[in-house]
Structure formats: C-alpha cells, structure tokens
Amino acid sequence: MVTKSGFGKTSKRVPVRLRHKIEKSAVQKARKQKKLAKKNPEWRSKIKKDPGIPNLFPNKDKLLHDMEERKRMKAEEQQRIREEARTRKAEGLPAKTGAEAVDIDEDDLLDDDMDVEGNDSNPMAALLASARARAVEYDDNQSDDDDEMEEDEDDDEMDEDDEGGAFIDESAPPLVNSKSFSKESSRRQFDKVFKQVTDNADVVLYVLDARDPEGTRSKDIEREIMMADGGNKRLILILNKIDLVPPPVLKAWLLHLRRSFPTLPLKASSGTTANAHSFDHKQLTIKGTSDTLFRALKSYAGAKQLKRAISVGVIGYPNVGKSSVINALTARLNKGSSNACPTGAEAGVTTSLRQVKLDSRLKLIDSPGIVFPSSVDKTTKKNKKQEEQARLILLNAVPPKQIEDPIPAVNLLMKRLSQSENLLNKMLELYGITALFPSNGDKTTDFLVQVARKRGRLGKRGVPNIESAAMTVINDWRDGRIQGWATAPVLPVVSADAPAAAIESGVDTTKVVTEWAKEFSIEGLWGNGQGDDEEMAE
Ligand SMILES: Nc1nc2c(ncn2[C@@H]2O[C@H](COP(=O)(O)OP(=O)(O)OP(=O)(O)O)[C@@H](O)[C@H]2O)c(=O)[nH]1
C-alpha cells in the first residue's frame with residue numbers, strides 16, 4: 001500500500017518520546033480517578049464498618065451472650081454433622097440421605113415419578129400435598145394394587161440359587177400409590193395400609209419405641225392380626241431404641257410385653273444426634289440384636305417349609321424405627337452398600353410400602369408410619385384433641401412442619417418428667433436453667449421463657465419467643481438429648497401359663513406361648529428376661 005504522500009508504507013510505530021508521553025498521561029489519569037473514587041461518599045458507604053453494640057446500650061451483655069449462644073449452636077450443629085459423617089464412615093455405612101431430604105420443595109414432592117418409584121425419602125410436607133392430590137386416585141388404584149401384590153407373590157416362588165444379599169425389589173410396583181395420612185382420611189388410609197401389610201405378611205414385626213411402648217402400641221391392632229387368616233399370622237413385638245432407656249426399665253418392659261407376645265429388644269441404629277444420651281446394654285448392640293431377630297425369622301421360615309419366601313411386614317407408629325429395623329437386618333448381608341430403606345430423624349420418611357428381599361426365604365415389607373386412629377375421632381372435644389396432639393408430638397409421630405402448637409406437648413413432657421425429680425432436673429441442666437420461678441403455678445411458661453433466653457429465641461425488642469423455644473425442646477426430646485421414659489406397669493401374674501396381660505388383651509396367649517416359641521426357637525423371645533440379664537449392664 002502506498003501512503004498519501006506516495007512515500008513508503010503506513011506504520012504504527014510512533015516516536016519513543018510520544019509513547020512515553022502517552023504512558024505518563026495514562027498513569028496520571030488512573031491515579032486521579034483513584035483519588036476521586038476514594039473521596040466519593042457512595043463508595044465509602046458500601047464498606048460500612050459494623051460499629052458493634054454501643055457500650056451504653058441496655059442489655060448489651062445479654063445481646064452479646066445471645067450472639068455467642070447462636071454461634072455456639074451453629075458450631076455444635078456443624079460438629080454434629082461432622083461426627084455423624086465420621087461414625088457412619090467408621091461403621092462402613094454410606095452417607096446419610098433420609099434426614100437430609102426433609103427440605104425438598106413441595107412441587108418436587110408432587111412429582112409423580114417419585115411416588116411411582118417408591119424410593120424417595122420425602123418429608124412429611126409431601127404427605128399432605130400428595131394426600132390431597134391423590135385421595136381419589138388412591139381408591140381407584142386399590143383394587144389394582146391388590147392384583148399386583150398377588151402377582152408379586154407368584155414371583156416370589158423360592159429360588160434356591162438366590163442365596164444371601166438383600167436387595168430392594170425395584171421391579172415390584174409400590175403397593176400403594178398414595179401414602180399420605182391427612183386428618184380426614186387417616187382412618188381409611190390406615191385401614192388400607194394395615195390391610196395390605198397384614199394380608200401379605202406371614203409374620204408381623206410390630207415396632208414399639210422403648211421410651212413409651214404402651215403409647216406406641218394398640219391392642220386392637222394386635223387383636224386384628226391375631227384374627228386375620230384364621231389365626232395363622234405371627235406377631236412379634238420389637239422394642240426398638242433400647243439405647244435410650246436404662247437397663248432396668250428395659251428389663252421391666254420386656255417382662256411386661258412378653259406376657260402377651262414374643263418380644264425382642266432391638267437397637268436398630270446408633271441414633272445420629274450429638275449429645276444424645278445413650279445407655280450401654282452390653283451385648284445388646286445393633287449387630288447382636290439384629291442377629292437375634294434374623295435368627296428368629298430364619299427359624300420360622302425353616303419350620304414352615306413353604307415353597308415361597310416368608311413375608312415379614314414391619315408396622316408401627318411414625319419414627320419408631322421401622323426402616324432402621326429393615327436396614328439393620330439387611331446390613332448384615334449387604335456390608336458397606338447403601339441402606340435398603342431411607343430413614344430420617346423426622347416422622348414421615350417412609351411414604352409407601354416397600355419390599356426388600358433378605359434372601360430366598362425372607363422378604364421384608366416396610367410401611368409408612370401409621371397413627372392408629374382409634375383415638376383420633378371427629379367427635380373428640382377440642383381440648384381432648386389438643387391432648388392427643390401433644391401425645392403424638394411426644395411420640396415423634398408428627399413432623400415438625402405439621403406441629404401447630406408445640407407448647408401443650410412441652411407441658412405434657414414437663415408433667416411426665418416431674419414424676420421423677422431427677423429427669424426434670426436433667427432437662428433443666430441441659431438448658432443451663434438452675435430453678436423455675438412459675439408465676440400462677442405455670443411452670444411450663446417460665447421454663448420456655450428461660451429456654452428462649454438461653455438459646456437466643458427472641459423476637460422483636462428481645463421478647464422471648466416461647467413457641468420457638470418449645471420447638472427446640474421438642475427437637476431435643478425427639479433426638480434423645482432430653483432423657484425420659486415411661487415405666488412398665490406392674491401386673492400381677494395370674495399363672496405362668498396364662499399371664500395377666502394376655503387375658504386383658506383378649507388374645508389366647510397360652511397357645512401363643514406354647515406354639516410360637518417352638519417355631520421361632522429363640523429363648524430370649526419369651527420368659528422372664530433371664531436371658532437378657534447377662535446381656536444387659538447393671
Ligand atoms: N437412638 C436410636 N435411634 C434410632 C434407633 N432406631 C432408629 N433410630 C432413629 O429414629 C429415627 C427414625 O427412624 P426410621 O427408621 O426412619 O423410623 P420409621 O419408623 O421408619 O419412620 P417413618 O418413616 O416416619 O415411619 C432415625 O433418626 C433413626 O436414626 C435406635 O435403636 N436407637
């Protein structure tokens with residue numbers, strides 16, 4: 001290319017002098033802009049420094065203390081999560097999934113796929129939503145489900161090659177499509193789930209919470225199982241969460257329950273909460289107790305000599321540990337692999353019936369927690385309903401999101417713990433409360449006000465939020481940080497062969513005692529608990 005003047009090519013080269021001049025002015029401009037920016041008040045306001053709480057501010061100490069408390073709680077929670085992960089790793093278990101899944105969006109929960117697969121770990125928020133959406137569909141599908149179950153039975157013809165190693169029967173369709181228990185339909189849905197489990201199970205494991213076995217037990221249910229299928233079903237009571245009660249309490253409950261049905265103590269899970277108090281029952285470990293249960297079921301399956309696998313249905317209130325029972329049984333076989341059933345600290349994790357094949361002879365059916373509806377009656381008066389709700393909350397059968405008023409539950413807890421000065425003091429100790437100063441004799445309010453202050457549950461202008469404090473107490477109770485248990489009633493033994501509790505429940509346990517004992521051939525299922533003595537501490 002030729003330049004205008006016609007001499008030579010165009011060049012980007014500039015004289016060095018000019019280049020230096022440009023560089024210098026660019027530096028100067030940048031410096032000037034920086035200086036101006038520093039002076040700009042808008043820019044300064046963005047990095048406002050926290051002046052902290054002024055010295056003359058009233059309650060400064062208290063506010064600082066509350067902030068510290070909040071920090072401490074956050075650190076505790078993080079520590080808890082770390083410990084949980086560490087224990088699970090040490091035990092060779094996979095990372096926990098159930099408890100983490102509680103905050104899924106409601107929209108996600110309505111996702112059809114999740115229900116159809118039946119392997120979600122939904123929070124209870126889903127229960128109401130999905131109940132509403134599918135109440136009608138549920139009825140329609142009922143008959144289909146029954147057919148599917150029958151087909152399933154055919155598939156379960158014993159396969160001799162199939163030895164060892166539990167697996168989830170993914171191919172099996174969920175036995176119920178909707179698994180929710182809204183208030184209106186609780187009776188109907190209860191009937192359906194209960195019927196499906198009992199219809200299909202040869203043996204029913206009735207899981208009870210060791211902290212309140214009678215509270216999680218229904219004699220009507222026991223009677224129905226005994227009456228079903230011409231009395232051919234077998235019922236075993238599983239006293240779970242034994243690590244949350246002291247050995248003497250456990251022993252008394254075993255003695256009491258074994259008057260009616262074979263009963264096994266079980267520690268299905270180590271519980272995952274930091275600071276939860278647990279009692280040492282020596283050999284009654286997760287492995288020890290689940291081995292005993294497994295042996296009992298195997299003996300029964302062996303004695304029956306059926307051409308198909310024995311079905312073992314697991315029923316019980318929400319959160320008593322039904323899924324954990326199944327996981328403890330399957331963990332024996334599937335070392336290190338993931339849990340067969342999702343579990344979680346909140347009620348309502350299991351939302352559909354779920355089959356897990358233990359081996360060629362044993363098949364387990366997990367079911368959603370069912371609140372036996374005998375006491376939930378439409379005609380019940382308001383305060384009775386409130387009492388019932390408080391009772392269910394203390395049984396951990398109500399998911400936190402569905403708790404409308406936690407204060408009556410704390411009131412009931414205090415009433416129960418007051419029966420033992422020691423337990424009440426332990427609870428006060430947990431919150432660093434030295435004494436209660438009830439005005440008008442209302443201990444609960446004073447307790448909650450103090451908990452709110454100690455745990456920083458404060459509303460506007462530092463007003464204690466006692467609802468929030470009550471939820472803290474409920475969660476601590478659920479997770480075993482607050483100790484408490486019901487004690488077994490002392491019943492007179494009528495005779496060794498026909499114990500009193502059996503007569504009261506209307507079940508002929510003389511037959512149960514003599515015949516079933518042979519089938520399950522486990523000494524510890526029966527008798528006066530002497531077998532357990534060696535295993536328990538104290
Ligand atoms: N301390 C202790 N906790 C347990 C034991 N068994 C289960 N848990 C805990 O109890 C909680 C509920 O256990 P799940 O197995 O989910 O109970 P579920 O009955 O299947 O609950 P739903 O699905 O709500 O019906 C979980 O946080 C478990 O870790 C036990 O033996 N001891």
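Student: Which residue does Arg72 form a salt bridge with, and how far apart are the closest N and O atoms?
Tutor: A salt bridge here is a side-chain nitrogen of Lys or Arg within 4 Å of a carboxyl oxygen of Asp or Glu. Arg72 pairs up with Glu69, and their closest N and O atoms are 2.6 Å apart. Keep in mind that this is a predicted model, where local features need pLDDT of at least 70 and side-chain atom pairs pLDDT 80 or more, while totals for chains, interfaces and linings use all residues. Numbering runs from 1 along each chain as its sequence is written, and side-chain values use heavy atoms, without hydrogens and water.

Student: Where do Arg72 and Glu69 lie?
Tutor: Both are in helix H3 (residues 60-90), three residues apart, about one turn of the helix. Helices are DSSP runs (H or I, at least four residues), numbered from the N terminus.

Student: Is Glu69 buried or exposed?
Tutor: Buried means under 20% relative accessible area, exposed over 50%, and partly exposed in between, using a 1.4 Å probe and protein chains only. Glu69 counts as buried at 11%, whereas Arg72 is partly exposed at 34%.

Student: What else does Glu69 meet in a salt bridge?
Tutor: Arg455, at 3.9 Å from N to O. This pair links distant parts of the chain, 386 residues apart: Arg455 sits in the loop between helix H15 (443-454) and helix H16 (466-478), and Glu69 in helix H3.

Student: How do helices H10 and H11 cross?
Tutor: We compare axes, lines fitted to C-alpha atoms over the stretch in contact, with angles from 0 to 180 degrees between N-to-C directions. The axes of H10 (residues 286-304) and H11 (residues 322-331) come within 9 Å and cross at roughly 85°. The two helices are therefore roughly perpendicular (65 to 115 degrees; under 35 is roughly parallel, over 145 roughly antiparallel, the rest oblique).

Student: Which residues in H10 and H11 meet?
Tutor: Contact means heavy atoms within 4.5 Å. Ile286, Ser290, Leu293, Phe294 and Leu297 from H10 meet Val325, Ala328 and Leu329 from H11.
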